[in-house]
Amino acid sequence: MGRPFTFINSAMSADGKISTKERKQVRISGDVDFDRMDELRATSDAIMVGIGTVLADDPSLTVKSKSRRSARKDNGSDEGPIRIVIDSKARTPLDADIFIKGEGKRIIAVSGSAPEDRVKMLQQKALVITVGDEQVDLVALLKELYSMGVKRLMVEGGATLNWAMLSNGLVDEIYSFVGNLLIGGTCAPTLVDGSGFHEDDILKLDLMSMEKMDEGVLLKWAVLNRY
Ligand SMILES: NC(=O)C1=CN([C@@H]2O[C@H](COP(=O)(O)OP(=O)(O)OC[C@H]3O[C@@H](n4cnc5c(N)ncnc54)[C@H](O)[C@@H]3O)[C@@H](O)[C@H]2O)C=CC1
Ligand SMILES: Nc1nc(O)c(N)c(N[C@@H]2O[C@H](COP(=O)(O)O)[C@@H](O)[C@H]2O)n1
């Protein structure tokens, strides 16, 4: 069984940070990049984020452009892609913006370690998929998503989910906007955190394109050693 074509889209500072040490969201890119991100959302079957991002940023993950939402509907799809949260312990707040804003399907992926009462609450708001014992099993989840019709998956972070997806060989491409600011801080999240690769396992990338955009640059990379 296959998995979706999967890409990470992210914005980082010139020193590789995706938010501050307090995990406060920073406007790293500008309007052109946000519009590009909106187009990526509109042309994806699903968008995935980690629970850390939901708790820190409370993103809605909606398609902002009305004409893009209409175009999706004209093609027989929901106005926005499926919104997926990777949430081992079922901590997604019931009043999170992904539930309140926009239309369309929501999936909360939890593990067997999620408290039953929280799972029941989330089932009122979303399809809850249980995969993995302690943590969400991303390999199994992507197979399941593929069998549900998700062929193109956009991953919007954060740092820990990016690591987990990359280290499991589940990412095909990375689109990284590099902005004209320095955030600094040993503890500020970077594009890829997690436990890090050993020297022999370091991932190799192929530069597909680079483009000056807003006050920064958009880099598009293909991941070479993926599965
Ligand atoms: N500049 C940008 O483009 C973006 C920045 N961010 C920033 O990233 C930060 C959040 O990143 P993180 O704290 O790293 O959280 P995250 O969003 O990567 O979520 C990680 C959490 O997901 C859960 N999880 C469940 N199963 C997992 C698995 N198999 N592997 C890994 N994690 C699993 C764990 O609870 C883990 O702590 C925030 O500060 C946010 O502002 C987030 C998205 C985009
Ligand atoms: N692409 C991008 N550029 C920036 O400058 C950013 N600060 C972010 N942050 C992420 O964008 C998401 C916003 O989602 P909604 O507008 O609420 O739908 C959120 O996940 C931020 O972490 N991205």
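The following dialogue walks through the fold of a predicted model and the surroundings of its ligands.

Trainee: What should I know about the numbering and the model before I start?

Mentor: Residues are numbered from 1 along each chain as its sequence is written, while chains are lettered from A and ligands numbered from 1 in the order in which they are written. Because this is a predicted model, local features need pLDDT of at least 70 and side-chain atom pairs count only at pLDDT 80 or more, whereas totals for chains, interfaces and linings use all residues.

Trainee: How many helices and strands are there in the protein?

Mentor: Helices (H or I, at least four residues) and strands (E, at least two) are DSSP runs, numbered from the N terminus. In this protein there are seven helices and nine strands. With a radius of gyration, taken over C-alpha atoms, of 17 Å, close to the 17 Å that the globule rule gives for 227 residues, the protein is as compact as a globular protein of that length; the rule is 2.2 Å times the number of residues to the power 0.38.

Trainee: In which order do the strands form the sheet?

Mentor: Two strands pair if DSSP finds at least two bridges between them. Here nine strands form an open sheet with mixed pairing, in the order β5-β4-β3-β2-β6-β1-β7-β9-β8. Its edge strands, each pairing on one side only, are β5 (127-130) and β8 (205-213). Further in, β1 and β6 (residues 152-155) run parallel and are joined by four bridges, and Thr6 has Leu153 of β6 as its bridge partner.

Trainee: Which residues surround ligand 1 and come closest?

Mentor: A residue is near a molecule if its C-beta atom, placed from the backbone, lies within 6 Å of it. Ligand 1 is surrounded by 28 residues, the closest being Gly50, Gly52, Gly157, Gly158 and Ala164. At least two residues of this shell come from each of β1 (5-12), β2 (46-50), α2 (51-57) and α7 (159-167), and α2 gives the largest share, five residues.

Trainee: Which classes of residue make up the two shells?

Mentor: Ala, Val, Leu, Ile, Met, Phe, Trp, Tyr, Cys and Pro count as nonpolar, Asp, Glu, Lys and Arg as charged, and the others, Gly among them, as polar. The shell around ligand 1 has 13 nonpolar, 11 polar and four charged residues, and that around ligand 2 has eight nonpolar, six polar and four charged. Of the 18 residues around ligand 2, those that come nearest are Ala11, Ile28, Ser29, Pro59 and Ser60, and the elements giving two or more residues to this shell are α1 and α2.
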